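Please keep the sequence and the 3D view side by side as you read.

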Amino acid sequence: MPPSSRAVCALVSGGLDSAALLHRLLAAGRRVAPLYLRCGFGWEPAELSWLRRVLRALRCPRLAPLRIVELPLRSVYGPHWSLTGRGVPGAATGDAAVYLPGRNVLLVAHAAVACAPRRISAIALGLLKGNPFGDASPQCLRLMSRCLTLALGRPIRVLVPLRRFTKAQLIRRAASVPLALTFSCLRPVGRRHCGRCNKCAERQKAFLRAQIADPTRYASRKKGTGSALSNSRGSRAQSVRHVSRCETTGRKVSDTCCGRPGSFSTEQTGSISSGGHRWKK
Ligand SMILES: [Zn+2]
């Protein structure tokens, strides 16, 4: 991918936030370089497997191959549950239980340095509305941007284009994102969601709030969080899968893409659309 002011590094995991972030950046006509930082967390093998599927589904000439940078945190985090798998926060825990100390600081700093040789000056994160953590706050991200600009001697911008959306809103508004291929679980069973951890519960609640059938296959599921929508809204669930289409060619993104800048984008007019699904701004 040649250097470009329209190029952006997208910090990605396997979650639906990351898939929506990639989709939105591509829809805006950006050249996107996805970056995954491998820290040693227990869920990473499963997460990477699903992330690769998402990237295949979103395939586009403006989407660069996934880059993986090693960022081992064992010496920093010590016997943290994210590394040991012991005491993983369960479904009844709150946001504070899954805080990974300073993670956004580490991610953004590494991304900025890793992208410097390619002269990519924009780093995008899939942070959502209501994120309670200090290192996700607008003030912290602004200061990180200024700090990295000073440190690297060139402008570095930190973008959070999903900041206005909750997870449920994201699910409702980004139906052309391959949500069924996304993954966010703290204690996967093989490649499947466990169905009982904090992140699985968050995912289940978001689909329920969005009134969209949850296409996820959970290894187990707590009573009361069942997929009641699966039967009544099954057809809607199918629409979640693999339906991104290029506005210019009308062809599936996963099949091909014309690659013309802005071909997925009507950003200037206040919305982004793809295959009939709109992002309201
Ligand atoms: Zn889980």
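The secondary structure of the chain consists of 10 helices and seven strands, where helices (H or I, at least four residues) and strands (E, at least two) are DSSP runs, numbered from the N terminus. The model is predicted, so local features need pLDDT of at least 70 and side-chain atom pairs count only at pLDDT 80 or more, while totals for chains, interfaces and linings use all residues. Residues are numbered from 1 along each chain as its sequence is written.

**The chain as a whole**
- Of the 281 residues in the chain, 42% are buried, which is said of a residue if 20 or more other C-beta atoms, placed from the backbone, lie within 10 Å of its own.

**Helix α5**
- The buried residues of α5 are Asn104, Leu107, Val108, Ala111, Ala112 and Cys115.
- These residues lie on the same side of α5, because they cover an arc of only 125° around the axis, taken from the directions from the helix axis to the C-beta atoms.
- An α-helix has 3.6 residues a turn, so residues three or four places apart point the same way.
- The cover over the buried residues of α5 includes β1 (7-11), β2 (31-38), β4 (122-124), α6 (138-152) and β5 (157-159).

**Strands β2 and β3**
- Strand β3 (residues 67-70) pairs with β2 in the parallel sense over four bridges, and two strands count as paired if DSSP finds at least two bridges between them.
- Leu35 has Arg67 in β3 as its bridge partner.

How values were computed: Buried ≥ 20, exposed ≤ 12 C-beta atoms within 10 Å, placed from the backbone. Contact = placed C-beta atoms within 7 Å.
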